[in-house]
Amino acid sequence: MIQYKNVTKVYGEDVTAVDQVSLDVNEGEIVVLLGPSGCGKTTLLRMVNGLESVTDGDITFNGESIKDLNEIELRRKIGYVIQSNGLFPNMTIEQNVTVVPTLLGWSKEDKKKRYEELMELVGLDAEDYRKRYPHELSGGQQQRIGVIRALAADPPAMLMDEPFGALDPIIRERVQDEFLAIQRELNKTILFVSHDIDEAIKMGDKIALMKDGQLMQYDKPSQILQNPANDFVAQFVGKDRMVKSLTIHRIEQLMERYDLLVSSIEKGEIATVSKSSNLRDVLSYILESKQQAVHVVDENDEVIGQVDFALVNQYMIDLADSNEPVVNP
Ligand code: ATP
């Protein structure tokens, strides 16, 4: 859906922010642009919706060069969310959410209906917030509004520049989870900037890892972790992350998203985990295997992460304490 073809961006005379990057983003994918500060992530993102010009090469959207799209077409096709949420302080929440529909000339009734739908999507009371101003909301609420504002005209694609970066870690996890749940329904094509490897692994179907304006590796998170293309990638993802320990919550999320295989590091397959599997049954298999840790493997035999015996054991004990029936305690 979005194709970068040998794209270069030079600021002024000699700052090469993006250096001959080629990248294909398929429909419905979340691609995370990842890398250290100043590596060109934001520039790469902003060239898609025309906020930065392309110095050399081309970017196409559904086969059409973005140079041939006017501003209205770009706003309709591509939503944009930034870290500081970019809400207009002197506009109410409803006005903020409907900025793009207003630009596109929607009727009052259509805008009102869309505002209410979107507020429901993120679990905020439409009436309660309608006339409030951004400063009357918490950081997490403002960020939710930033996201639904970008979704307002139902664009097929979204650009998200460190959208959850300003939130504290707990709220951030929650907003990320909510966003992934929404994305499962909406299936947007998303380019997402992050400098945080954990966020990239969690959010990304693929990760584009950048350094000094160049693309170092473009692959699924599991591949980046297991088969780093060079020393820079290996160092950036961190040695201890080669196989990442998963939380119970993360296992639940993965179960919703993929067909997985739980495999003992030494003995091979323990359990196949499909979307219909029961989490507790899966955890029981892991306990019965009596391994320190087991791997969770996707359908292409790639290790997504490991589950530690101690964690599962503690989880089961906590469950038993809470008097819930436990399968094979
Ligand atoms: P960060 O994670 O810190 O936001 P980034 O990876 O998004 O960084 P960019 O903002 O794309 O990086 O910047 C890439 C390079 O281009 C940097 O060296 C930056 O100083 C330079 N740069 C960015 N914007 C401009 C500009 N308007 N004029 C000149 N140089 C710029």
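Domain bounds are taken from an automatic or database domain assignment. For the protein chain this assignment gives domain 1 (2-241) and domain 2 (248-321). The C-alpha centres of domain 1 and domain 2 are 31 Å apart. The model is predicted: local features need pLDDT of at least 70, side-chain atom pairs count only at pLDDT 80 or more, and totals for chains, interfaces and linings use all residues. Residues are numbered from 1 along each chain as its sequence is written.

An open sheet is formed by 4 strands in the order β2-β1-β4-β5, with antiparallel pairing. Helices (H or I, at least four residues) and strands (E, at least two) are DSSP runs numbered from the N terminus. Two strands pair if DSSP finds at least two bridges between them. β2 and β5 (64-65) stand at the edges with a single partner strand each, so one side of each has no neighbour in the sheet. Strand β1 (residues 2-11) pairs with β2 in the antiparallel sense over 7 bridges. Here Ile2 stands opposite Val25 in β2.

The ligand is surrounded by 13 residues. A residue is near a molecule or strand if its C-beta atom, placed from the backbone, lies within 6 Å of it. The closest are Tyr11, Ala17, Ser37, Thr42 and Thr43. Two or more residues of the shell come from each of β2 (15-25) and α1 (41-46). The largest share, 3 residues, comes from α1. By class, the shell holds 4 nonpolar, 8 polar and 1 charged. Nonpolar covers Ala, Val, Leu, Ile, Met, Phe, Trp, Tyr, Cys and Pro; charged covers Asp, Glu, Lys and Arg; the others, Gly among them, are polar.
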